[in-house]
Amino acid sequence: MDRHAATRRLKHLAHAAGIRMPRMHPHMLRHTFVTTMLDAGVSLRDVQIAARHADPRTTMRYDRARKNLDRHPNYILAAYMASGT
């Protein structure tokens, strides 16, 4: 199956499901896969491996919550130190 056949199949499935999007393409599935894993708290390294990205910066572009203070490494370290563990 080439990318054009995949796009046609995805559009057919979306239409059958009642999903109306003007620019439906297979990369949207990949994007959803990566962003959902990151949102679920899967480590960047594990997501990078699953997505087969050679560079972690590519994976980081999908991370919508990267500016969330709770996920900042300094905040995580401070919370760890405060817990006394």
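**Figure 1. Overall fold of the predicted model.** From the N terminus on, the elements of the protein follow the order α-α-α-α-α. The model is predicted, and its secondary structure amounts to 5 helices and 0 strands. Of the 85 residues in the protein, 18% are buried. The accessible surface comes to about 6900 Å², and carbon and sulfur atoms account for 59% of this area. Among contacts with a separation of 6 or more, 22% join residues 24 or more positions apart.

**Figure 2. The largest nonpolar core, made up of 6 residues.** Val34, Met37, Leu38, Val47, Ala51 and Tyr62 form this core. Two or more residues are contributed by each of α2 and α3. The most is given by α2, with 3 residues.

**Figure 3. Pro22 in the loop between α1 and α2.** Pro22 and Lys11 are separated by 11 residues in sequence, and their C-alpha atoms lie 9.6 Å apart in space.

**Figure 4. Arg52 in the loop between α3 and α4.** On either side of this loop are α3, residues 44-51, and α4, residues 56-60. Phi of Arg52 is near 60 degrees, a positive value in a residue other than glycine. Most residues other than glycine have a negative phi. Arg52 is exposed because its relative accessible area, 76%, falls in the range over 50%.

Methods: Residues are numbered from 1 along each chain as its sequence is written. This is a predicted model: local features need pLDDT of at least 70, side-chain atom pairs count only at pLDDT 80 or more; totals for chains, interfaces and linings use all residues. Side-chain values use heavy atoms; hydrogens and water are left out. Helices (H or I, at least four residues) and strands (E, at least two) are DSSP runs, numbered from the N terminus. Buried means under 20% relative accessible area, exposed over 50%, partly exposed in between (1.4 Å probe, protein chains only). A nonpolar core is a set of buried Ala, Val, Leu, Ile, Met, Phe, Trp, Tyr and Cys residues joined through side-chain atoms within 4.5 Å. Contact means heavy atoms within 4.5 Å. Accessible areas come from the Shrake-Rupley method with a 1.4 Å probe; for residues, only the protein chains shown count as cover.
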